[in-house]
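Please read them alongside the sequence and the coordinates.

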Amino acid sequence: MFAFLILIIPTFILAFWAQNKVRSAYGKYVQVPSRGNITGREAAAAVMQKAGIYDVEIVQVRGELTDHYDPINKRLALSEHNYNGTSLAALGVAAHEAGHAVQHKIGYSMLKARMAMIPVTNIASSLMPFVMFGPMILFGAGLGTLFLKIGVGCYLVMTAFHLVTLPVEFDASRRAKQELVSLGILGQDELVGVNKTLDAAAWTYVAAFVSSLGYLIYLLMMLSGRRD
């Protein structure tokens, strides 16, 4: 129980804080219009065109902060506020996703590694509901050790995936900030809103990694105690 309190509870707090931070930053800067009045879709298209990318479809999707780049289908999806919006937050998020498209085109190594890990990560993720609390419930059962080993394997995969995700996301944000200014979409002074939004979003990826790592260490400690 002490290990659970030390390793797991803080990660829940960090994840909750990170989610609130990104929603707060986004909620603030989605209300701040850019001077250039360029939409998120136009910004994403401009960033990709500068990199010589013309085969990626930009589509609008439902929800808030549901934006993502699909490297398999070469599709850049922007939520409604970011697709049509001209706010600092919309331009930051749109350019960030375009940054992923640029990474894909140039063969950015960390993105390639992340893509290669997706199949096994999906398998591990599908097993998560069974191993999240199962070890505590079945610790005294005959299959407890096997259950713990499966849990360790799943969290090992997830932790590695989240670790590789960090440089991918940081690099995409760096590219976004650089291109928004170099293309004249935003003035240097307007980057404050973009920085706040993207930096807050980065914390969600850090929280995901820390959470996965904490649970991996916790399960390893349980498995070690089981063997003893």
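1. The face of helix 2 turned away from its buried side carries Ile-13, Phe-16, Ser-24 and Lys-28, which are exposed. Here exposed means over 50% relative accessible area, buried under 20%, and partly exposed in between, with a 1.4 Å probe and protein chains only. Helices (H or I, at least four residues) and strands (E, at least two) are DSSP runs numbered from the N terminus.

2. On the conventions: this is a predicted model, in which local features need pLDDT of at least 70 and side-chain atom pairs count only at pLDDT 80 or more, while totals for chains, interfaces and linings use all residues. Residues are numbered from 1 along each chain as its sequence is written, and side-chain values use heavy atoms, with hydrogens and water left out.

3. Helix 2 covers residues 9-29, and its 21 residues reach 31 Å from first C-alpha to last, close to the expected 30 Å. The expected span is 1.5 Å times one less than the number of residues. Its buried residues are Thr-11, Leu-14, Ala-18, Val-22, Ala-25, Tyr-26 and Tyr-29. Viewed down the axis of helix 2, these fall within an arc of 95 degrees, so they line one face of the helix; the arc is that of the directions from the helix axis to the C-beta atoms.

4. The end C-alpha atoms of helix 5 are 27 Å apart, which agrees with the 27 Å that its 19 residues should span at 1.5 Å a residue. Of those 19 residues, 16 are buried, so helix 5 is largely enclosed by the rest of the structure. Just after this helix, Gly-107 has a positive phi of about 75 degrees.

5. The largest pocket has a volume of about 600 Å³. A pocket is an open set of points on a 1 Å grid over the protein atoms alone, where a 1.4 Å probe fits, with protein on both sides within 12 Å along at least five of seven lines; lining residues have an atom within 4 Å of a point. Of the 27 lining residues, Asp-67, His-96, Glu-97, Glu-169 and Tyr-205 are the closest to the centre of the largest pocket. Elements giving two or more residues to this lining include helix 2, helix 5 (88-106) and strand 2 (68-70). Helix 9 gives the most, with 6 residues. By class, the lining has 13 nonpolar, 8 polar and 6 charged residues.

6. The model has 3 aromatic pairs, where rings of Phe, Tyr and Trp (its six-membered ring) pair if their centres lie within 6.5 Å, and planes under 30 degrees apart count as stacked, over 60 as edge-to-face and the rest as tilted. The ring centres of Tyr-155 and Tyr-215 are 4.8 Å apart and their planes are at 20 degrees, so this pair is stacked. It links distant parts of the chain, with Tyr-155 in helix 8 and Tyr-215 in helix 9, 60 residues apart. Tyr-155 is buried at a relative accessible area of 5%.

7. Tyr-215 also pairs with Tyr-218, edge-to-face, at 5.8 Å centre to centre and 80 degrees between the planes. These two are 3 residues apart in helix 9, about one helical turn, and both are buried.

Notes. Grid points are joined across faces, edges and corners, and a volume is the space filled by probe spheres set on the points. Ala, Val, Leu, Ile, Met, Phe, Trp, Tyr, Cys and Pro count as nonpolar, Asp, Glu, Lys and Arg as charged, and the others, Gly among them, as polar.
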